[in-house]
Amino acid sequence: KMFLTRIGFNSQAVITGDITQVDLPRGVRSGLRHSIEVLKDVNDISFNFFSAGDVVRHPVVARIVTAYEEYEGQKEKERLEKKAQQEALAKQQDNT
């Protein structure tokens, strides 16, 4: 926020980052993720997201990126399923 609120007239800012490379403790949201969420509907601000297909390095790098995306997607799916099971169990216990 400090950086973004100091952009002057007739200037442009390009901010780069990788939301998949965060070394913060679990549960702590990165500033990049937060800014994407807060600013997504602000006029004159745009976001460009790249995927494994955009990697212009050795072909194995694209496969590594894809593998991590699939792994993280599976973990998120498992987390959501576990949460749904816990909610269903809690609801079932409330009904008894």
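Modeller: A cut-off comes before the pairs. A residue is called buried under 20% relative accessible area and exposed over 50%, while partly exposed covers the range in between. Keep in mind that this is a predicted model.

Start with the count. Searching the whole structure gives three salt bridges. Side chains of opposite charge can pair when their charged atoms come close.

Take E76 and R79 to begin. Their closest N and O atoms are 2.7 Å apart, and the two residues form a salt bridge. Both belong to helix α2. They sit three residues apart there, about one turn of the helix.

K75 and E78 come next. Their side chains meet in a salt bridge at 3.6 Å, N to O. This pair is also placed in helix α2. Because K75 and E78 are three residues apart in that helix, about one helical turn separates them. K75 has a relative accessible area of 40%, which means partly exposed. E78 comes out at 35% relative accessibility, so E78 counts as partly exposed too.

That leaves E37 and R29. Here a salt bridge joins E37 to R29, with 3.0 Å between the closest N and O atoms. E37 has a relative accessible area of 42% and so is partly exposed. R29 is at 46%, again partly exposed.

S30 lies in the segment before α1. Is S30 buried or exposed? Its relative accessible area is 10%, so S30 is buried. The side chain of S30 reaches the backbone nitrogen of R33 at 3.1 Å. Leaving aside residues up to four places away in sequence, S30 touches V22 and L24.

V22 and R33 lead on to a pocket. Lining the second largest pocket are 16 residues. I19, V22, R26, G27 and R33 lie nearest the centre of that pocket. Helix α2 gives the most to the lining, with five residues. By class, the lining of the second largest pocket holds six nonpolar, three polar and seven charged residues.

Rolling a probe the size of a water molecule over the atoms shows where empty space is left. The largest pocket has a volume of about 1700 Å³. Its lining takes in 42 residues. Nearest the centre of the largest pocket are I15, T16, G17, L32 and N48. The elements that give two or more residues to this lining are α1, residues 31-39, and α2, residues 59-94. Helix α1 supplies the largest share, seven residues. Sorted by class, the lining of the largest pocket has 22 nonpolar, 13 polar and seven charged residues.

In sequence, 32 residues separate T16 from N48. In space, their C-alpha atoms are 9.5 Å apart. T16 lies in the segment before α1. At 71% relative accessible area, T16 is exposed.

Last, two backbone angles. Most residues other than glycine have a negative phi. N10 has a positive phi, near 55 degrees, and is not a glycine. The place of N10 is in the segment before α1. N10 is exposed, with a relative accessible area of 86%. D44 is not a glycine either, and its phi is positive at about 70 degrees. D44 lies in the loop between α1 and α2. With 85% relative accessibility, D44 counts as exposed.

Terms used. Residues numbered from 1 in each chain as written. Predicted model: local features only at pLDDT ≥ 70, side-chain atom pairs only at ≥ 80, totals over all residues. Heavy atoms only, no water. 1 Å grid on protein atoms, 1.4 Å probe; cavity = no way out; pocket = protein on both sides within 12 Å on 5 of 7 lines; lining within 4 Å. Points joined across faces, edges and corners; volume = space filled by probe spheres on them. Helix = DSSP H or I, 4+ residues; strand = E, 2+ residues; numbered from the N terminus. Nonpolar A, V, L, I, M, F, W, Y, C, P; charged D, E, K, R; others polar. Buried < 20%, exposed > 50% of the residue type's maximum accessible area, 1.4 Å probe, protein only. Polar contact = N/O pair within 3.5 Å; in protein donor to acceptor, adjacent residues only side chain to side chain. Contact = heavy atoms within 4.5 Å. Salt bridge = Lys/Arg side-chain N within 4 Å of Asp/Glu carboxyl O.
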